[in-house]
Amino acid sequence: MTSLMIGLVLGGTYALAALGLTMQYGVARIMNLAYGEFVISAAFATFVLFSSINLNPLLAMFIVAPAAFSISYFVYAILMAPLVKRSKKKGNLENDSILITFGLLFLVQGILLVLFGADFASYNYLNIPVNVFGITIAANRLIAFGLAMILGLSLYCLVAYSQWGITLRAVATKPENARLVGINVDRVAQIAFAIGGMLAALAGVVISMFQTFTATSGVVFTMKALIVVIMGGVGNFMGALISGLILGLAEATVSTYVDPGLTLASTYLIFLVLLLWRPQGLFGKGVVK
Amino acid sequence: MITGAKVSVAIIAFGLLALLPFFLEAYGLGLMIGMLSYVALATAWSMFSGPTHYISLATVAFYGVGAYTVAVLNEGISFPVILLIAVLIGLVLSLAVGVATLRLAGVYFVIFSFGLAELVRQLITWYEVNVTGTLGRYIFLPLEPQDIYWLLLGAATLTLIIGWLVRRSRIGLALRVIGDDEVIAAHIGINLTRTKLLLFALSASLITLVGAIQAPRWVYIEPSIVFNPTVSFLTVIMALLGGPHRLFGPLFGVVPLFLLFEWLSANFPNHYSIILGALFIAIVFVLPNGVLEFLDRFRLRRAKT
Amino acid sequence: MTSFLELENVAKKFGGLTAVRDVSFTLSKGEIVGLLGPNGSGKTTLLNMISGANKVTSGKISLNGVSIDSLRPDQIVNKGVSRTFQLVRILPSMTVEENVICGLAFRKMPVWGAKAAIIAREKLEIVGLKDKASLPGHSLNYIDSKRLELARALAADPELLLLDEWLSGLTPEELEAGIELIRSIETTGISILIVEHIMSAIRALCPRCVVMNSGEIIADGSTGTVLQDDAVSAAYLGGAPCCMLTISLCSMTYILL
């Protein structure tokens with residue numbers, strides 16, 4: 001039962017991270033291989049705020065998230081916008097964005113390594129056992145899960161029911177047609193990218209509450225977020241939420257009953273089975289191409 | 001076009017390179033070993049990723065598998081046999097990865113290749129810790145640095161020759177068509193999956209070979225050493241700088257970047273990752289088709305005015 | 001005549017949408033048939049199923065008595081079917097000649113090397129592109145791109161040629177020349193299935209035509225009779241506003257671009 005709870009907590013953060021990537025890849029069409037680096041950077045920022053001025057992570061969120069939004073906004077303006085402009089030929093944007101963000105990955109990772117070294121980082125926040133329905137779980141995990149779910153669901157509602165959400169979905173499904181009905185696709189893409197970055201940062205804050213992390217663990221987060229996005233169907237927000245939870249549960253199960261060293265392998269196994277069986281995703285509407 | 005003059009230049013260059021170990025001291029030889037290995041890696045990478053635009057980020061997965069095979073088998077079996085086994089393992093792994101991902105849109109392949117090195121690294125670590133009980137192995141093979149140099153020179157030459165043959169063959173043309181337009185490719189009779197699979201496996205096997213040849217240089221090997229993501233990163237950036245669409249493109253990217261990398265890691269050991277990351281971004285922006293193509297265009301423009 | 005291409009109760013669904021339902025018809029060796037119908041009536045989908053680009057949901061397609069409906073496009077090419085595309089597809093990074101050589105290099109009996117260059121020139125001469133052989137593919141204008149596409153399709157040495165609105169968008173003079181070109185191809189014994197909107201071209205080229213509407217065949221017979229059929233004119237008249245809309249949308253996009 002504890003493993004179920006741990007899985008749900010983990011899954012909640014994956015869902016949050018995957019929502020951000022859905023924004024960046026599904027809406028803005030940027031395949032961001034440096035996504036995990038954004039997550040880890042936010043985790044480090046929270047870590048620094050907590051250990052230097054003893055700032056509560058829940059409050060740190062209000063600094064980290066807007067910062068991540070503006071940084072991503074400018075990253076898009078500086079790095080991505082010229083690529084979008086250049087990619088008149090179909091398919092180029094995907095390749096170019098993969099390459100650029102691959103470079104960005106090393107850049108950000110290099111900065112993190114210089115600042116924090118290669119050691120594991122963590123801080124002690126609300127690490128007290130709480131009893132929920134007879135299951136004992138650390139309070140920080142409980143908060144993390146609640147936070148991930150609240151953020152994830154509110155984003156989902158925004159996308160599903162607001163005017164802005166309709167615009168967003170229009171760009172996600174058919175950017176050419178969205179342009180015809182007067183949507184400024186480039187602008188929507190830029191904001192979607194920035195929101196994606198913000199969600200990555202929020203996932204980072206949440207993760208930092210209960211997990212140790214290093215400057216080089218970004219790749220794994222990118223990988224997991226990507227798998228969740230594909231599992232849910234590219235551009236499908238509810239799919240990403242549910243798939244995130246599924247992946248978290250699967251990992252927790254493997255790490256409890258099989259071997260903690262095999263969690264990444266199990267993630268990959270899920271990915272592989274999915275590719276062979278349903279490449280369009282569990283709830284997918286097909287691949288954006 | 002291939003002319004007699006070009007062939008003789010190539011043969012003379014090969015001969016001079018083969019004689020190099022007699023004139024170099026240890027540091028220079030080490031430098032040449034590194035450079036040759038990247039020539040082979042970047043050329044092998046471009047063989048598949050150049051024409052198809054399927055960006056493989058998994059170079060170090062195969063490279064590491066090659067090196068690890070040597071580490072596991074280095075007692076009792078002769079080195080050429082070990083190399084052969086390593087190549088076979090790389091072949092099987094690449095076929096498995098390819099079968100799963102190459103039928104689908106290119107992005108699945110990229111994502112899969114992106115995490116493949118991490119997966120293989122964790123699996124080997126798990127195996128070593130749980131099954132064999134030790135992490136890290138020693139390689140004691142009676143190979144001198146110059147032996148490794150000659151082997152790598154052979155591997156790099158082999159890669160270039162294979163690359164040259166592929167470019168002249170139907171399968172090379174098929175890859176170019178696939179890179180241009182997969183729909184046309186299918187409708188003129190090209191078996192998409194088989195063609196991509198074949199070339200990916202060929203490229204990955206060559207990369208595995210390079211990893212295996214280099215393994216004895218380390219003496220002590222553990223997963224975190226041989227599965228260093230910098231190898232994948234450098235391979236891609238070098239191939240891109242030189243231009244992955246040309247046979248000798250990657251070569252022209254390797255030489256300056258490898259020297260730069262050496263200099264950076266000697267002088268800025270903590271910051272080279274940042275500098276290389278920035279450089280990578282700059283290359284994608286400024287020279288999307290590589291330096292050779294850029295020079296060609298420049299010459300053309302000069303000729304016109 | 002024995003049937004060469006045979007479609008039996010072919011249907012195609014995209015999710016909930018039925019694009020083609022229960023279509024059956026045959027084409028004889030050497031025959032040239034026009035496939036007509038308003039936009040969205042399922043003509044291109046039908047062509048895609050014959051060429052293997054779309055898989056049939058149900059039904060059977062066979063060529064020379066051999067089932068081809070479960071084959072991949074490249075296997076179908078090797079059975080002797082080649083096609084052009086509604087939105088012209090040229091290999092942009094290759095020269096005109098290389099585009100045609102690609103058609104030769106991967107067919108059932110591949111030609112390669114110097115011999116391929118000679119045959120490629122021949123095919124280019126047929127379509128009137130011989131002078132532009134060494135130009136890059138992306139530099140061609142619309143009509144020349146169409147010619148090149150046809151040359152590439154011919155290079156695959158087809159028994160059956162599928163033309164998807166190959167004559168659309170041409171000027172009257174170009175249309176005249178295009179019709180002549182297709183007629184000359186037909187005389188070499190190649191069976192041709194033409195999807196087209198231009199009635200005059202169908203009248204000039206095809207003794208027989210098949211008309212589709214909403215995914216079904218509503219008429220099949222000699223062109224003269226079929227085009228006077230009430231159901232056919234109803235389909236086209238009924239489809240007229242839809243056509244108008246498409247035209248106005250097209251022009252809008254044009255202006256926007």
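Select chain C: of its 257 residues, 51% count as buried. Keep in mind that this is a predicted model.

**Stop 1: chain C as a whole.** Show it as a cartoon. A compact globule of 257 residues would have a radius of gyration near 18 Å, and chain C agrees, with 18 Å.

**Stop 2: the surface of chain C.** Switch to a surface view. Chain C exposes about 11500 Å², with carbon and sulfur atoms supplying 57%. Colour by charge next. There are 24 positive and 27 negative side chains in chain C, and the centres of the two sets lie 6 Å apart.

**Stop 3: helix α1 of chain C.** Select residues 43-51 of chain C. Among the buried ones are C:Lys43, C:Asn48 and C:Met49. Step on to C:Gly52, which follows α1(C) and has a positive phi, near 90 degrees.

**Stop 4: chain B.** Buried residues make up 54% of the 305 in chain B. The C-alpha trace spans about 65 × 45 × 40 Å along its principal axes. For 305 residues, a compact globule would have a radius of gyration near 19 Å; chain B has 19 Å, in agreement. Among contacts between residues at least 6 apart, 79% in chain B join residues at least 24 apart. The accessible surface of chain B is about 12900 Å², and 70% of that belongs to carbon and sulfur atoms. Chain B carries 17 positive and 13 negative side chains, whose two centres lie 15 Å apart.

**Stop 5: the largest nonpolar core.** Show every chain again. Which residues have the most contacts inside this core? They are A:Met23, A:Met80, A:Phe102, A:Leu104, B:Leu116 and B:Phe280, in a core of 203 residues. Helix α8 of chain A (residues 185-210) gives the largest share, 16 residues. Zoom in on A:Met80. Leaving out residues up to four places away in sequence, A:Met80 touches A:Ile30, A:Val75, A:Ile100, A:Thr101 and A:Phe193.

Conventions:
Residues numbered from 1 in each chain as written. Chains lettered and ligands numbered in written order. Predicted model: local features only at pLDDT ≥ 70, side-chain atom pairs only at ≥ 80, totals over all residues. Heavy atoms only, no water. Rg over C-alpha atoms; globule rule 2.2 N^0.38 Å. Buried < 20%, exposed > 50% of the residue type's maximum accessible area, 1.4 Å probe, protein only. Areas by Shrake-Rupley, 256 points an atom, 1.4 Å probe, with all protein chains shown as cover. Lys, Arg positive; Asp, Glu negative; His and termini not counted. Charge placed at Lys NZ, Arg CZ, Asp CG, Glu CD. Core = buried A, V, L, I, M, F, W, Y, C linked by side-chain atoms within 4.5 Å. Helix = DSSP H or I, 4+ residues; strand = E, 2+ residues; numbered from the N terminus. Contact = heavy atoms within 4.5 Å.
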